[in-house]
Amino acid sequence: MKLIERSLMAAIVVISCSALAIGQAPPAGRQGGGRQGGPPRVVFSVTTSAWPDGGEVPMKYSMRGDNKCPEFDFHWTMGTNPADPPADLKTYVVILHDMENGMNKGPMDALHWAAFNIPGAAKGLPEGMPGGDLPDGTRNGPGFAAGRGGPPAYFGPGAGPGPIHHYAFEFYAMDTKLDLPANVSREDLLKAMEGHVIGKATYFGRFHAPA
């Protein structure tokens, strides 16, 4: 009888371990939480020759220099190969913010500039892009320039002497055109973008004024 009981217990342990292994096994095609085995998709990215990603922003692109919008190039790739953008691409949005500069004692950082309804056919942003509403439909929106009483326009990095500030140029590919005024708030701009972002890219820069 004891021999039979030991055999039954061993069988139960084997079955239990097998069930546990099955329960812990990752779903097919999703090893390590990555996108494995899914359909290939095009990916959005941006580059600029103005400075390397994460590098020092040259003075001419800062509000302490020429305050000139840098040139950016848009790219769509499938793996390492160039690809056509998605068929539903309509417009792009760009948002520039200072990640070290808090506002109004809250967690939100400082918005320097935003522009939206950049045409989906655009290959990038030109250096020195003007402010206001542009002939191609691009609309400069909220940011420091508009907040100081001027027309909405690019407002570059401007941290004073001291610790370096980190700036993010965020680009969003959209499947819609945004029906928003130039004086829209940052919160309402982001709310209107919700559910329409089909690609995102970020380019970083560091800046502080010399002592």
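**Burial, bridges and rings**

Student: What is the relative accessible area of K60?
Tutor: Buried means under 20% relative accessible area, exposed means over 50%, and partly exposed is in between (1.4 Å probe, protein chains only). K60 counts as partly exposed, with a value of 33%.

Student: What kind of model is this?
Tutor: Residues are numbered from 1 along each chain as its sequence is written, and side-chain values use heavy atoms, with hydrogens and water left out. Local features need pLDDT of at least 70, side-chain atom pairs count only at pLDDT 80 or more, and totals for chains, interfaces and linings use all residues, since this is a predicted model.

Student: Which residue meets K60 in a salt bridge?
Tutor: A salt bridge is a side-chain nitrogen of Lys or Arg within 4 Å of a carboxyl oxygen of Asp or Glu. The N to O distance is 3.5 Å for the side chains of K60 and E127. K60 sits in the loop between β1 (43-47) and β2, and its partner, 67 residues apart from it, in the loop between β6 (124-125) and β7 (139-143). That partner, partly exposed at 37% relative accessibility, is E127.

Student: What is the relative accessible area of R186?
Tutor: Contact means heavy atoms within 4.5 Å. Beyond its neighbours within four places in sequence, R186 is in contact with H97, M108, D109, A110, L111 and P142. D109 is buried at 14%. R186 is buried too, and its value is 13%.

Student: Within what arc do the buried residues of α3 fall?
Tutor: In α3, R186, L189 and M193 are the buried residues. Seen down the axis, they line one face of the helix, because their arc (taken from the directions from the helix axis to the C-beta atoms) is 60°.

Student: Which residue has its backbone nitrogen 2.8 Å from a polar atom of the side chain of N117?
Tutor: N117 lies in strand β5 (residues 109-119) and counts as buried at 7% relative accessibility. Leaving aside neighbours within four places in sequence, its contacts include T91, Y92 and K177. The backbone nitrogen at 2.8 Å belongs to L178.

Student: How many aromatic pairs are there?
Tutor: Rings of Phe, Tyr and Trp (its six-membered ring) pair if their centres lie within 6.5 Å; planes under 30 degrees apart count as stacked, over 60 as edge-to-face and the rest as tilted. By this rule the count is 14.

Student: What is the angle between the ring planes of F72 and Y203?
Tutor: The ring centres are 5.8 Å apart, and the pair is edge-to-face because its planes meet at 75°. F72 is in strand β2 (residues 72-78) and Y203 in strand β9 (residues 197-207), 131 residues apart. Both F72 and Y203 are buried. The angle asked for is 75°.

Terms used
Helices (H or I, at least four residues) and strands (E, at least two) are DSSP runs, numbered from the N terminus. A polar contact is a pair of N or O atoms within 3.5 Å; within protein, one must be able to donate a hydrogen and the other to accept it, and residues adjacent in sequence count only if both atoms are side-chain atoms.
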